[in-house]
Amino acid sequence: KWHLGLRFSTRRPAEFGDGSQAADDPGVIEWERPLLAGPHTAGFDTYFGIPASLDMIPYLYVQNDRVLAAPTGRTPGDRSQRQGGGGFWREGPMAPGFSVEGCQPELTASAVETIRQQRVGRPFFLYFALTAPHDPWVPTAGFRGRSGAGPRGDFVMQVDDTVSQVLRALEEKGLAENTLVLFTSDNGAHWLPDEVRSTGHAANGPWRGMKSDIWEGGHRVPLLVRWPARVRPGTTSDAVVGLNDLFATFAELAQAPMPAGA
């Protein structure tokens, strides 16, 4: 889930991944040509993922600077479970074989394989931006109905499983001891007061409000750190952290210079 803007080769300007849907015309984009901008132009050596959130067009996978399959098909979209649907995603172009439900497992498998390809003693950085538990709530069959908190709760359980797969891959590769793992979110959950009452699940903990609110429930998020070689398990910190500061933190830990003006 990149969601920071992808620029495709087009016969006239068109972008996806920034919330804009003005270019919802597959005939405009030359899908077979390399992307003009994306993770590969922002410092990443490799990339596999989707352009934006899983409820935004186009529905396809990108490998480095290439679209793996052009979105020659089309999905009618769906409504959220709150409205009687199977999970909200927008109508629009979709690649053949692309599965909304299968996206999270596909991205997880890619992250695990990336870890398996690493060499002990060689530093690496993996940025794994999950699609879950953002809309659409599409837990796979093994998680449906397990949480007692509806499809979103089931999807959160699937996130737990995703994290366990990543941690297990680090352990199997012998990288767990000296790998810094951070688990966090970009905003609070969109979880209505009625849903808190009906499920007994307070997705935003004790904080007032939810996603899109100015209150703490909207933007105070979990931050879990795992680094066995350096961080004692069970410890906590009351330091104020902004996720936009992590770039500088990583640079300091790696003893790497910050780019001018960063």
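## Salt bridges across the model

A search of the whole structure finds eight salt bridges; the term stands for a side-chain nitrogen of Lys or Arg within 4 Å of a carboxyl oxygen of Asp or Glu. Side chains of opposite charge can pair when their charged atoms come close. This is a predicted model, where local features need pLDDT of at least 70, side-chain atom pairs count only at pLDDT 80 or more, and totals for chains, interfaces and linings use all residues. Residues are numbered from 1 along each chain as its sequence is written, and side-chain values use heavy atoms, with hydrogens and water left out.

Start with R74 and E91, whose side chains meet in a salt bridge at 2.6 Å, N to O. This pair links distant parts of the chain, 17 residues apart: R74 sits in strand β6 (residues 73–75), and E91 in the loop between β6 and β7 (92–94). Helices (H or I, at least four residues) and strands (E, at least two) are DSSP runs, numbered from the N terminus. R74 counts as partly exposed at 48% relative accessibility, and E91 is partly exposed too, with a relative accessible area of 39%. Here buried means under 20% relative accessible area, exposed means over 50%, and partly exposed is in between (1.4 Å probe, protein chains only).

Next come E101 and R144, joined by a salt bridge with the closest N and O atoms 2.5 Å apart. E101 lies in the loop between β7 and α1 (103–116) and R144 in the loop between α1 and α2 (150–172), so the pair ties together parts that are 43 residues apart in sequence. E101 is partly exposed at 32%, and R144 is partly exposed at 45%. In another salt bridge, the side chains of R220 and E216 meet at 2.8 Å, N to O; R220 is partly exposed at 43%, and E216 is partly exposed at 36%.

## A three-stranded sheet

Now find the open sheet that three strands form in the order β3-β4-β5, with antiparallel pairing. Its edge strands are β3 (48–49) and β5 (66–67), and each pairs on one side only. Two strands pair if DSSP finds at least two bridges between them. β3 and β4 (residues 62–63) pair in the antiparallel sense over two bridges, and G49 stands opposite V62 in β4.

## Pocket and cavity

The second largest pocket has a volume of about 1,200 Å³. Of the 38 residues that line this pocket, the closest to its centre are P222, L223, L224, V225 and V241. At least two lining residues come from each of α2, β8 (181–184), α4 (216–219), β9 (223–226) and α5 (246–253).

On a 1 Å grid over the protein atoms alone, a cavity is a set of points where a 1.4 Å probe fits but cannot get out, and a pocket is an open set with protein on both sides within 12 Å along at least five of seven lines; lining residues have an atom within 4 Å of a point. Grid points are joined across faces, edges and corners, and a volume is the space filled by probe spheres set on the points. The count comes to one cavity of 30 Å³ or more. The largest cavity holds about 40 Å³ of space, and its lining includes I50, P51, Y59 and F98.

## How confident is the prediction?

The chain averages a pLDDT of 91, and 94% of the residues score at least 70; pLDDT is the predictor's confidence in each residue, from 0 to 100. Over residues 19–24 the pLDDT is below 50, and beyond near neighbours in sequence this stretch has ten contacts in the model (heavy atoms within 4.5 Å).
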